[in-house]
Amino acid sequence: MEKELVRLSKCSMAFDGDVVLENIDLCVKDKEFLTLLGPSGCGKTTTLRIIGGFLKPDSGDVYFDGVRINDVPPHKRMVNTIFQKYALFTHLNVFENVAFGLRVQKHEGKKLDKYEISSRVIKMLEVVSLKGFEKRDVSLLSGGQQQRVAIARALVNHPKVLLLDEPLGALDMRLRKDMQNELKQIQQATGITFIYVTHDQEEALAMSDTVIVMEGGAIQQIGTPEDIYNEPKNAFVADFIGESNIVDGVMLSDGVVEIFGRKFKCLDSGFEHKEPVDVVIRPEDVDIVSPDKGKLIGTVTSVTFRGVLYDIIVDFHGFKWLIQTTDLCPVGKEIGIKIDPDGIHIMKKSRFSGMYGDYSSYSAEYDDISDAEYEYETEDEEEH
Ligand code: ATP
């Protein structure tokens with residue numbers, strides 16, 4: 001999967017004077033499942049349309065297999081697209097929907113013969129688990145089955161790259177999850193490069209080899225799902241990917257950060273002495289202990305049962321954290337918390353600092369509960 005297949009270099013795009021993409025640099029490797037992830041309007045679809053050839057960037061270059069393709073029209077790119085509304089031909093059955101692209105295709109000036117068309121369609125229907133559905137009327141299929149017909153139709157031409165723009169958006173949650181697994185399996189079985197657009201972070205983490213997080217027409221981070229979750233670059237990424245408590249901290253030395261006046265061990269290094277930083281603590285990384293053993297002491301202000309875990313909101317000095325725990329901690333209880341060094345992630349301050357990571361709005365009705373109080377540690381005091 002190391003060979004580069006698609007590259008965007010310094011691509012920018014504006015509509016009516018509004019910049020919607022700014023200096024996008026990205027690379028997609030052969031056979032990769034790459035996802036463009038970000039909130040509505042961040043420029044994901046515009047990026048996809050530039051790769052597909054439906055839009056030309058105002059500046060910058062698009063390369064396919066090392067060749068600049070800015071001026072190559074969509075039908076001459078080895079790329080196919082599946083949109084959210086997959087627009088099947090309702091007057092044709094399943095077989096004919098999938099065969100459509102092959103019937104208009106020519107190989108060395110000649111149309112494909114019907115045996116080749118038939119064998120390719122049948123093979124593709126097998127890949128998408130629709131063997132035996134050939135004669136079915138597409139309008140009578142379920143949403144998931146229609147989606148599979150759209151996938152078969154897009155893949156039967158053997159594109160090098162498949163572009164998928166929120167293809168599961170119209171499906172209900174259960175079917176969406178099943179289709180996520182199927183799409184991943186189809187991608188691995190066919191070895192076709194997938195470039196997938198979604199605003200659903202769970203979907204992106206579950207399916208992708210590489211995730212590109214976008215915001216405001218710019219790329220915020222590129223990495224594996226694990227990198228993006230465990231090592232977010234800034235408060236925007238930390239907040240967008242999963243739940244995060246994001247608090248102000250001060251780096252005291254390599255591996256030691258001060259939060260709310262207390263010193264915590266962490267695994268991060270390379271910051272200036274006393275550099276202000278953003279600290280990410282995931283809700284599942286906080287251990288609840290008795291107040292006398294806690295590094296910080298807070299008061300539970302709300303409890304929500306989530307099945308396996310409780311989501312509890314805990315007030316520390318007026319800053320509210322989300323903690324996930326299997327222990328029942330009733331509202332009003334004072335608790336202590338500890339965090340292992342690998343549960344703390346340090347980020348440089350950015351333009352997103354202070355904008356995310358406080359769960360106050362979760363429990364506004366409990367605002368009158370008094371804040372927990374602690375004594376501040378001095379810098380040379382021993383940690384406990
Ligand atoms: P969504 O998840 O809502 O589809 P997105 O991240 O895919 O969002 P884009 O569709 O790429 O975002 O749109 C980025 C911005 O560009 C938006 O503000 C959108 O309104 C604007 N935009 C996109 N296409 C056009 C167009 N043809 N003319 C004018 N503005 C456009």
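In this predicted model, the mean positions of the 44 positive and 64 negative charges of the protein lie 13 Å apart. Lys and Arg count as positive and Asp and Glu as negative, with His and the chain ends not counted; each charge is placed at NZ of Lys, CZ of Arg, CG of Asp or CD of Glu. Residues are numbered from 1 along each chain as its sequence is written. Local features need pLDDT of at least 70, side-chain atom pairs count only at pLDDT 80 or more, totals for chains, interfaces and linings use all residues, and side-chain values use heavy atoms, with hydrogens and water left out.

The C-alpha trace spans about 85 × 45 × 40 Å along its principal axes. The protein holds 8 helices and 22 strands, taken as DSSP runs (H or I, at least four residues; E, at least two) numbered from the N terminus. Of the 384 residues, 49% are buried, meaning under 20% relative accessible area with a 1.4 Å probe, protein chains only. Of the contacts (heavy atoms within 4.5 Å) between residues at least 6 apart in sequence, 68% join residues at least 24 apart.

Among the buried residues are Gln 145, Arg 148, Ile 151 and Leu 155. The buried residues of H4 pack against several elements, including helices H2 (94–104), H3 (114–127) and H5 (173–190) and strand E9 (161–165).

Notes
Buried < 20%, exposed > 50% of the residue type's maximum accessible area, 1.4 Å probe, protein only.
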